[in-house]
Amino acid sequence: MSSLFTWKVVDPAPGEPVAPDERLSWGKTAGLGAQHVVAMFGATFVFPIVMGLDPNLAIFFSGVCTILFLLVCQNKVPSYLGTSASFVAGVAAIRAQGGDSADVTGSILVSGLVLAAVGVAIHFAGAGFLHKLLPPAVTGAVVMLIGFNLAPVVASIYWPQDQWIALLTSLFLVVVAVLMPGFWSRIAVFLALIFGYVLSWLADVIFGQIHSITGASNGKLIDHDRVSWAGVKAADWIGFPSGKLADGVSVVHGPSFSLTFILLVLPGVIALIAENTGHVKAVAEMTGRDLDRYMGRAIAADGGATALASLFGGSPTTTYAENIGVMSATKVYSTAAYYVAAAVAILLGLCPKFGAIVSATPGGVLGGITVVLYGMIGLVGAKIWVENGVDFGKPVNIVGLAAGLIAGIGGVTLKITDNFSLSGIALGTIMVLVYYHLVNRGQGTREGEVTKAL
């Protein structure tokens with residue numbers, strides 16, 4: 001174990017890479033670690049809020065789970081595990097059907113265990129069977145319906161809280177993400193969060209209260225401040241995340257299990273397989289090292305981390321593309337920087353006042369951020385198709401996937417018994433898998449590999 005925490009100290013010339021088993025001085029490593037925290041910060045905090053979970057607990061476990069991931073992968077795969085967006089649509093469906101936060105975390109815990117089992121299987125058996133079950137055509141379709149299934153959530157919950165703040169925040173996010181140079185574009189979500197927050201505060205000062213719905217008003221129009229810091233004033237500076245979530249469930253809570261709800265979030269496992277596979281391939285390409293033998297470890301580690309966080313009421317995790325961007329820009333792949341980032345995240349997670357500030361993010365700001373992020377999730381599915389050369393001139397691809405996409409995105413419901421039904425993402429994923437493999441006779445075999453997912 002001691003060898004895992006031993007890095008060769010280097011002082012490279014500008015532009016020279018730093019390998020995963022190397023590090024700069026601890027001062028420079030600390031600075032890089034802090035940069036990784038900033039890169040993951042926006043999404044890691046936004047998605048728990050969107051899912052109705054605690055952002056402080058999410059960032060605490062993101063640190064814990066990052067350390068777990070690094071240890072399982074023997075420090076060969078530099079990665080930060082932030083909050084996953086792959087389950088957001090499933091969580092929205094659970095809450096729409098009356099489920100609470102315990103149902104959410106219980107369903108995600110099972111998905112985490114399934115992902116871990118897939119990772120173990122890949123580690124010992126290889127990834128061949130995975131490519132056959134989930135070729136790029138199928139993976140792209142599932143990721144697409146996960147993202148686009150969230151459109152009604154933006155339209156009915158976040159956007160109506162303050163449409164003008166939402167519009168301006170989304171505009172700011174798009175401009176920064178595309179037009180700002182280097183590192184600034186990679187923290188566009190975080191910057192949009194700050195921009196929207198300040199804009200909402202100014203709107204309160206200039207225009208007064210707004211008459212609209214809030215996240216807790218059940219669709220009723222009420223007069224309210226856009227920014228309320230009552231919870232911030234009441235929160236402690238230091239302490240473990242505690243208190244109640246919006247649905248009355250304790251912040252730290254045990255899971256509850258329901259087959260109906262579990263099936264709603266299981267499709268997220270497919271997206272996480274694609275994300276983790278793409279992450280390992282990207283890191284391998286950047287570092288010039290063959291990391292295929294760590295593919296199963298990475299997937300299993302992410303699954304185990306998701307299950308661990310969910311066991312205590314935390315948010316699901318995934319390897320973060322934002323941090324790949326930081327490594328690409330700096331050419332520093334040292335895992336030591338990720339241990340520093342994890343430690344910083346754990347400390348932030350133990351500051352309830354900090355989490356309360358994030359939890360007070362105005363609904364209009366979330367509307368502006370999520371309208372972009374959810375669309376990006378859906379378009380990642382199209383990216384998978386394009387990068388893997390999926391040919392939609394072949395009937396197996398265009399016809400085999402069509403019904404599942406419409407069923408999943410449109411919210412079609414299949415009632416099986418009085419107490420059990422399939423709908424949305426769950427039904428759409430099943431239809432995509434069954435229909436595609438039913439008619440696939442070699443004409444739709446993988447034009448590329450799922451490993452190009454992200």
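Start by selecting T29 and L24: the side chain of T29 reaches the backbone oxygen of L24 at 3.2 Å. The model you are looking at is a predicted one. T29 belongs to helix α1, which covers residues 26-51. Is T29 buried or exposed? Its relative accessibility is 2%, so T29 counts as buried. Now show what surrounds T29: apart from neighbours within four places in sequence, the residues in contact with T29 are R23, L24, A336, A337 and V340.

Next, go to the loop between α2 (55-72) and β3 (81-83), and select Q74 there. Most residues other than glycine have a negative phi. Q74 is not a glycine, yet its phi is positive, about 55°. Which side of the 20% cut-off for buried does each fall on? Q74 has 33% relative accessibility and therefore counts as partly exposed. N75 has a relative accessible area of 7%, so N75 is buried.

Move on to helix α3, residues 88-96, and select A93. With 22% relative accessibility, A93 counts as partly exposed. Then draw a distance from the C-alpha of A93 to the C-alpha of P14: the two are 79 residues apart in sequence and 49 Å apart in space. After α3 comes G98, with a positive phi near 95°.

The next stop is a pair of helices. Two packed helices are described by the angle between their axes and the distance between the axes. Select helix α8 (residues 163-179) together with α10: their axes cross at roughly 150° and come within 9 Å. An angle over 145 degrees counts as roughly antiparallel, which is why α8 is described as roughly antiparallel to α10. The crossing of these two helices, α8 and α10, is right-handed. On the α8 side, show I165, L168, T169, F172, L173, V176 and A177; on the α10 side, show A188, V189, L191, A192, F195, G196, L199, S200 and A203. Together they make the contact. What classes of residue does the contact of α8 with α10 have? It has 13 nonpolar, three polar and no charged residues.

The helices α10 and α18 pack at an angle of about 150°, and their axes are 9 Å apart. That angle makes α10 roughly antiparallel to α18. Here too the crossing is described as right-handed, with α10 passing α18. From α10, the residues V189, A192, L193, G196, Y197 and S200 meet V365, I369 and L373 of α18. This contact divides into seven nonpolar, two polar and no charged residues.

Finish at D204, which is also in helix α10. D204 counts as buried because its relative accessibility is 15%. Which residues does D204 touch? Leaving out those up to four places away in sequence, D204 touches D225, R226 and V227. Zoom in on V227: its backbone nitrogen lies 2.9 Å from a polar atom of the side chain of D204.

Methods. Residues numbered from 1 in each chain as written. Predicted model: local features only at pLDDT ≥ 70, side-chain atom pairs only at ≥ 80, totals over all residues. Heavy atoms only, no water. Axes fitted to C-alpha atoms, helices over the stretch in contact; angles between N-to-C directions. Helix = DSSP H or I, 4+ residues; strand = E, 2+ residues; numbered from the N terminus. Parallel < 35°, antiparallel > 145°, perpendicular 65-115°, else oblique. Left-handed = near helix turned anticlockwise from the far one by under 90°. Contact = heavy atoms within 4.5 Å. Nonpolar A, V, L, I, M, F, W, Y, C, P; charged D, E, K, R; others polar. Buried < 20%, exposed > 50% of the residue type's maximum accessible area, 1.4 Å probe, protein only. Polar contact = N/O pair within 3.5 Å; in protein donor to acceptor, adjacent residues only side chain to side chain.
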